[in-house]
Amino acid sequence: QVRLVESGGGLVQPGGSLRLSCAASGSIFSINTMGWYRQTPGKQRELVAVISSGGNTNYADSVKGRFTISRDNAKNTVYLQMNSLEPEDTAVYYCNANLRRGQWFSTMDYWGQGTQVTVSS
């Protein structure tokens, strides 16, 4: 059993900041990439940022220069620091982890339950 638990969402004014956290727990052998995705009603879930186990990062063009993804491998936790937030960033943010539950297991994607981020004055 693997569980991803997100925290840190909420309501913030335009130009403000929020920090999301996501901790993975359970039967985990190794984690490859961890990342954040977001979804608004009627739209497909889209990539926000992803980070490899070695620290390589990739961002959506819309958040480059404003968002920073990081991870603590010892804690199986990924963070998303969001600065200069805009109303267009309003969405449900989902944590993702691509991981292996055992040495002989295939890698699989796991998802958190989602956390709401609302940017509004």
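Predicted model: local features only at pLDDT ≥ 70, side-chain atom pairs only at ≥ 80, totals over all residues.
Q: Why is the chain called as compact as a globular protein of its length?
A: Start with the make-up: there are 0 helices and 11 strands. The radius of gyration comes out at 14 Å, and the globule rule gives 14 Å for 121 residues, so the chain is as compact as a globular protein of that length. Along its principal axes, the C-alpha trace spans about 50 × 25 × 20 Å.

Q: How many of the chain's residues are buried?
A: Buried residues account for 40% of the 121, with the cut-off at under 20% relative accessible area.

Q: How do you know that C22 and C95 are joined by a disulfide?
A: Check the sulfurs: they sit 2.1 Å apart, S to S, and a pair counts when it is within 2.5 Å. So C22 and C95 pass as a disulfide. The structure holds 1 disulfide.

Q: Why is that disulfide called left-handed?
A: Look at the torsion about the S-S bond of C22 and C95: it is about -80 degrees, so the disulfide is left-handed.

Q: What makes this pair a tie between parts that are apart in sequence?
A: C22 belongs to strand β3 and C95 to strand β9, so the pair ties together parts 73 residues apart in sequence. Both cysteines, C22 and C95, are buried.

Q: Why is R66 called buried?
A: R66 has 12% relative accessibility, and buried means under 20%, so R66 counts as buried. As for where this arginine sits, R66 is in the loop between β6 (57–59) and β7 (67–72).

Q: How do you know that R66 and D89 make a polar contact?
A: Their side chains come to 2.8 Å, and the limit is an N or O pair within 3.5 Å, one able to donate a hydrogen and the other to accept it. So the R66–D89 pair qualifies. Beyond its neighbours within four places in sequence, R66 also has contacts that include Q81, M82 and E86.

Q: Which residues have the most contacts inside the largest nonpolar core?
A: That core has 30 residues, and the ones with the most contacts inside it are W36, L80, M82 and Y93. Strands supplying at least two core residues each include β3 (18–26), β4 (30–39) and β8 (77–82). β9 gives the most, with 5 residues. Setting aside residues up to four places away in sequence, L80 touches W36 and Y93, and its other partners include L20, V48, F67 and I69.

Technical notes: Residues numbered from 1 in each chain as written. Heavy atoms only, no water. Helix = DSSP H or I, 4+ residues; strand = E, 2+ residues; numbered from the N terminus. Buried < 20%, exposed > 50% of the residue type's maximum accessible area, 1.4 Å probe, protein only. Contact = heavy atoms within 4.5 Å. Core = buried A, V, L, I, M, F, W, Y, C linked by side-chain atoms within 4.5 Å. Rg over C-alpha atoms; globule rule 2.2 N^0.38 Å.
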